[in-house]
Amino acid sequence: MNNFSQFILMENYRGFSRTAIPLTKTNFFVGENSSGKSSVLALVQILTEYLFWHKPEFKSEEVNFSHSSDIISANSKNQSTFGVGYLNDNELKGRHDEYFFSSGFYMTFKDRNGSPEPQYLSVSYGKDKIITIKFESKKISYKILNNFKLVANTLPEAQLLLSNLIDSHDNPIGFTKFYGNDIKGRGFYETLYLLDTELRKLGKNDNRPAVNVDLMPNVRPIWLAPIRSKPKRTYDEPSFDFSSEGEHTPYLISLILSNKKNEGAKSILEIVGREAGLFKELALKKYGRTKNAPFELDFVIDETPLSILNVGYGVSQSIPIIAEIVIRPKNSFFIIQQPEVHLHPKAQAAIGTLLYNSSLRGNQTIIETHSDYMIDRFRIMKKKNYTSTPNTVLAEGAGIDSQILFFSRKNGCNTVASISINELGELDEDQPNEYRDFFINEQVELLGL
């Protein structure tokens, strides 16, 4: 049985019922349309949004689930509540060395006048207990559950823990009131602070409730959307604020090409471009001597530099992904939607190589994709790494956890199956029949068998 350190938890959320999804370093989300892939990505984005913990609304720059009907499963008999959470067995040191917090949490929301409103929040409290906070219209109360840890190492353990959390939130008995003033607008962070203050007064706070807002790795995800910005002939107004559609990417590349200290990053960008068959070299044409002067971003396909407007659309659509993965520091966290859009299979495979090399730098990535070429190249790279000389630097990454998460829809519910990728790039034999049925049946028809 496979071991995991992280799980996403969902109950009655956008077609998922009592679902625990394991996460590894590299996760390929695959499956038919409308099977829940984007819904899970949206949840990760929301839960890692700093503002969510101060004002729990299901909206961000990329996601907007303003109404309960956008979130609660449409086919569910329960149209009033839903729950989401996260488990991570990486423990965090508390104020005293003998105490630790795991960074898990689970929260239940209820529908109130068409909008989701917090009802319960459970977080780790000390080494082997959790504390559950109950939100009501005019008061907040809490209860402490002993011998209850928000940690799981296998999928069955995570599913059992999720069921126990749901049952716990369904039990209104045993809560103690600690705040009775106007609670409207109180976020999770502020509530946890108020509770900690209350427990100090009572002498019960062996440790403070700990919520690790920066989920998965300790960084916010870098979200790369499937629709990237349109290319321009010249870039006139500097824009360095991150955009999921890559509007900032040309300005980022201009900084790289303008500074000789960035030759390493430029070289890697061009290596990926050549392997993908997208471009040989990058060139910058500036219309002025000032730092913020307008510029033209050119790509050398054969010998002559061409404006980004005069090369294939796949170049402009893929360069934001390539640039972000190359430039970002180690241990970054990426969410990438359909990186294969507008790309030839050769280029899709090259992105698979890029993703594998990115994993060797400690990056965690979730990729929503329909490209077998990309996944197969990732598997090939993993096998080559494992079978190469053990003393090489690359061999250090041979045991990196990776998986395919296969999404499907059955009887009105979304389901997810984990298919692990071992050190030889082989897929776990325990696969859902639906995973390959379509491709096999198409080949049988083509061969006339």
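Guide: What follows is a short chat about a few places in this model.

Guide: This is a predicted model, where local features need pLDDT of at least 70, side-chain atom pairs count only at pLDDT 80 or more, and totals for chains, interfaces and linings use all residues. Residues are numbered from 1 along each chain as its sequence is written, and side-chain values use heavy atoms, with hydrogens and water left out.

Visitor: Where is Gln 403 found?

Guide: Gln 403 is found in strand β18, residues 402–410; a strand is a DSSP run of E with at least two residues, a helix one of H or I with at least four, and both are numbered from the N terminus.

Visitor: Is Gln 403 buried or exposed?

Guide: Gln 403 counts as buried because its relative accessibility is 0%. Buried means under 20% relative accessible area, exposed over 50%, and partly exposed in between, with a 1.4 Å probe and protein chains only.

Visitor: Which residues does Gln 403 touch?

Guide: Not counting residues up to four places away in sequence, Gln 403 touches residues including Phe 4, Pro 22, Asn 27 and Ile 421. Contact means heavy atoms within 4.5 Å.

Visitor: New topic: where is Leu 424?

Guide: Leu 424 is in the loop between β19 (413–420) and α9 (434–447). Leu 424 counts as partly exposed, at 29% relative accessibility.

Visitor: And what is Leu 424 in contact with?

Guide: Leaving aside neighbours within four places in sequence, Leu 424 is in contact with Arg 379, Lys 383, Tyr 386 and Thr 387. The C-alpha atoms of Leu 424 and Met 381 are separated by 9.1 Å, and these residues are 43 residues apart along the chain.
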